[in-house]
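Dear colleague,

I am passing on the structure we discussed. Please look through it first; my notes follow below.

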Amino acid sequence: MPIMINIDVQLAQKKMSVGDFAAAIDITPANVAVLKNGRAKAVRFSTLDAICRVLECQPGDILVWVPDGDEAQP
């Protein structure tokens, strides 16, 4: 997928656990894992707003466009 979600980097910088993060943005830890692992097909603006509010970042810090063929192969 050409859009990557870099929540791990922001969580590490804030020293925040996935569980604490999930509770702060009011989604399940399983849904945080879906975002972190790049399996999400969509992100609601309200969720993106909560992510940026809690992590004190901009959407561009979380969402990164990667041209086709440049993404890491599993």
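Predicted model: local features only at pLDDT ≥ 70, side-chain atom pairs only at ≥ 80, totals over all residues.

Apart from neighbours within four places in sequence, Q10 is in contact with L55, C57, D61 and I62.

Now the chain as a whole. It contains five helices and two strands. Read from the N terminus, the order of the elements is β-α-α-α-α-α-β. The chain has 74 residues and a radius of gyration of 12 Å, which agrees with the value near 11 Å that a compact globule of that length would have. The C-alpha trace spans about 35 × 25 × 25 Å along its principal axes.

Of the 74 residues, 27% count as buried. The accessible surface comes to about 5000 Å², and carbon and sulfur atoms account for 55% of that. Taking contacts between residues at least 6 apart in sequence, 68% join residues at least 24 apart.

K36 lies in helix α3, residues 29–36. With 27% relative accessibility, K36 counts as partly exposed, because this value falls between the 20% and 50% limits. Leaving out neighbours within four places in sequence, K36 is in contact with I5, I7, D8 and V18. With D8 there is also a polar contact, side chain to side chain, at 3.2 Å. K36 and M16, 20 residues apart in sequence, are 14 Å apart in space from C-alpha to C-alpha.

R53 is found in helix α4, which runs over residues 45–55. Its relative accessible area is 52%, so R53 is exposed, the limit being over 50%. R53 and I3 are 50 residues apart in sequence, and their C-alpha atoms are 21 Å apart.

Regards

Conventions: Residues numbered from 1 in each chain as written. Heavy atoms only, no water. Helix = DSSP H or I, 4+ residues; strand = E, 2+ residues; numbered from the N terminus. Rg over C-alpha atoms; globule rule 2.2 N^0.38 Å. Buried < 20%, exposed > 50% of the residue type's maximum accessible area, 1.4 Å probe, protein only. Contact = heavy atoms within 4.5 Å. Areas by Shrake-Rupley, 256 points an atom, 1.4 Å probe, with all protein chains shown as cover. Polar contact = N/O pair within 3.5 Å; in protein donor to acceptor, adjacent residues only side chain to side chain.
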